[in-house]
Amino acid sequence: MLLTGFSTLVWLLYMVMLVLAVVALIMAATAREDAYRAADKQKKSFWLIILGITVAVNLFVPILFLQLAGAVASIVFLVDVRPALQAVSGGGRRGGSSSDGPYGPYNGGR
């Protein structure tokens with residue numbers, strides 16, 4: 001019983017790491033090449049190779065140490081590189097109030 005619960009937990013951990021790696025790979029592939037240079041980050045090809053290897057390791061090599069290293073790479077991309085790419089390419093929030101509309105702030109008809 002205890003062993004079944006532990007194996008389920010490890011399987012869920014593997015699935016979370018796989019999904020994290022696939023999401024990071026898709027986001028890295030859809031970003032523009034020049035945004036990487038403008039954000040002063042590694043090249044797009046570097047991140048595609050690292051994240052592609054991470055997905056392959058998660059799918060075909062069930063070694064927890066390698067999968068954890070790939071999870072770290074995915075997290076670094078999602079937390080550090082992706083926000084920098086969005087800031088350079090104009091994505092993300094413009095900064096402002098949540099009541100801002102397309103033509104300025106909404107003041108409730110006052």
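**View 1. Residues that line the largest pocket of the predicted model.** The space inside the largest pocket amounts to about 160 Å³. Rolling a probe the size of a water molecule over the atoms shows where empty space is left.

**View 2. The helices that contribute to the pocket lining.** Helix H1, which covers residues 2-30, and helix H4, which covers residues 64-89, each provide at least two residues of the lining of the largest pocket. Which helix gives the largest share of this lining? The largest share comes from H4, which supplies five residues.

**View 3. The packing of H1 against H4.** The two helices that each supply at least two lining residues, H1 and H4, also pack against each other at an angle of about 40°, with their axes 9 Å apart. That angle makes H1 oblique to H4, because angles under 35 degrees are needed for a pair to count as roughly parallel. As for the sense of the crossing, H1 passes H4 in a left-handed manner.

**View 4. The packing of H1 against H3.** Helix H3 spans residues 44-60, and H1 packs with H3 at an angle of about 155°, their axes lying 9 Å apart. H1 is therefore roughly antiparallel to H3, since angles over 145 degrees count as roughly antiparallel. The crossing in which H1 passes H3 is left-handed.

**View 5. The packing of H3 against H4.** Between H3 and H4, the axes come within 9 Å and cross at roughly 140°. H3 is for this reason oblique to H4, because an angle must be over 145 degrees to count as roughly antiparallel. Here, too, the handedness can be stated, for H3 passes H4 in a left-handed crossing.

**View 6. Confidence along the predicted chain.** The chain has an average pLDDT of 86, and 81% of the residues score at least 70. Which element of the chain has the highest mean pLDDT, and which the lowest? Helix H3 has the highest mean value, 96, whereas strand S1, made of residues 100-101, has the lowest, 62. Where pLDDT is low, the predicted coordinates should not be read in detail.

Technical notes:
Residues are numbered from 1 along each chain as its sequence is written. This is a predicted model: local features need pLDDT of at least 70, side-chain atom pairs count only at pLDDT 80 or more; totals for chains, interfaces and linings use all residues. Side-chain values use heavy atoms; hydrogens and water are left out. pLDDT is the predictor's confidence in each residue, from 0 to 100. Helices (H or I, at least four residues) and strands (E, at least two) are DSSP runs, numbered from the N terminus. On a 1 Å grid over the protein atoms alone, a cavity is a set of points where a 1.4 Å probe fits but cannot get out, and a pocket is an open set with protein on both sides within 12 Å along at least five of seven lines; lining residues have an atom within 4 Å of a point. Grid points are joined across faces, edges and corners, and a volume is the space filled by probe spheres set on the points. Axes are lines fitted to C-alpha atoms, for helices over the stretch in contact, and angles run from 0 to 180 degrees between N-to-C directions. Angles under 35 degrees count as roughly parallel, over 145 as roughly antiparallel, 65 to 115 as roughly perpendicular and the rest as oblique. A crossing is left-handed if the near helix is turned anticlockwise from the far one by less than a right angle, and right-handed if clockwise.
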